[in-house]
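Try each task before reading its solution.

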Amino acid sequence: MTAPLALLFDLDGTLLDTDHLHHAIFAEILAETGHNLTLEEYKARIMGQPNEAIMTRYFPGREAEHAALADAKEAEFRARLGHGIDPIPGAVALLDWADRHALPRAVVTNAPRENAEAMLRAIGLRDRFDTVVIGAECAAPKPDPEPYRAAMRMLGATPECSIAFEDSGSGIRAAAASGAYTFGLRTGLDDAMLRAAGAQETLADYTDPALWLRLERSTLKTA
């Protein structure tokens with residue numbers, strides 16, 4: 001008998017739609033420097049990246065301020081997040097299905113832990129995840145595969161029996177490099193962009209028939 005199927009979820013843009021908030025806040029911060037951050041630039045250069053990489057790119061020569069700038073941005077994000085937010089369609093049904101099959105699962109995110117906790121509470125799913133892996137708490141954040149490898153170790157999972165869900169190029173590269181079967185969520189990027197980053201399939205959301213066909217095949221393989 002092989003290892004059980006494990007489900008590995010990114011958070012921002014994958015379990016809930018937050019990119020509009022992140023873009024708005026980064027745009028406001030960068031506007032103070034005279035930089036006009038378009039949505040296209042946000043998706044290409046910020047989405048899914050760890051804060052240190054973002055601060056290094058946009059605030060060169062201000063290394064002493066990077067931590068404070070990042071902390072202020074994330075505090076503003078949490079202030080705007082609110083409560084009672086709907087998760088991505090089909091997410092709850094997928095977790096219910098995982099419960100029925102006793103499948104391990106984890107959140108794997110580059111978000112700070114305080115943000116991750118706030119987002120999971122906002123969508124009412126905090127008690128559905130015992131394992132939350134934070135990129136900054138690993139040897140390297142995404143796009144390095146280490147956060148996904150760390151999640152697999154914690155869950156006792158193997159790459160061959162892991163399915164990852166991501167929405168950013170950075171996250172997809174990390175998941176694919178870890179060996180997990182990688183779905184791209186088309187919440188921010190289109191099919192071509194997600195596949196170019198390494199996604200094996202893409203989904204509109206968790207109600208997509210392509211997902212359930214893959215899950216059926218995967219559970220048969222691990223039975």
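Predicted model: local features only at pLDDT ≥ 70, side-chain atom pairs only at ≥ 80, totals over all residues.

Residues are numbered from 1 along each chain as its sequence is written, and side-chain values use heavy atoms, with hydrogens and water left out.

**Exercise 1.** Describe how H7 and H8 pack.

Solution. 
- Locate the helices: H7 spans residues 146-155 and H8 residues 169-178. Helices are DSSP runs (H or I, at least four residues), numbered from the N terminus.
- Take the geometry: the angle is about 50 degrees and the axes lie 8 Å apart. Axes are lines fitted to C-alpha atoms over the stretch in contact, and angles run from 0 to 180 degrees between N-to-C directions.
- Classify: H7 and H8 are therefore oblique to each other.
- List the contacts (heavy atoms within 4.5 Å): Tyr 148, Arg 149 and Met 152 of H7 meet Gly 171, Ala 174, Ala 175, Ala 177 and Ser 178 of H8.

**Exercise 2.** Is Lys 73 buried or exposed?

Solution. 
- Read the area: Lys 73 has a relative accessible area of 1%, so Lys 73 is buried. The cut-off is under 20% (1.4 Å probe, protein chains only).
- Find its partners: leaving out residues up to four places away in sequence, Lys 73 touches His 22, Ile 25, Phe 26 and Ile 29.

**Exercise 3.** Which residues join H3 to H4?

Solution. 
- Name the residues: Asn 51, Glu 52, Met 55 and Thr 56 in H3 meet His 66, Leu 69, Ala 70 and Glu 74 in H4.

Definitions and conventions
Helix = DSSP H or I, 4+ residues; strand = E, 2+ residues; numbered from the N terminus. Parallel < 35°, antiparallel > 145°, perpendicular 65-115°, else oblique. Buried < 20%, exposed > 50% of the residue type's maximum accessible area, 1.4 Å probe, protein only.
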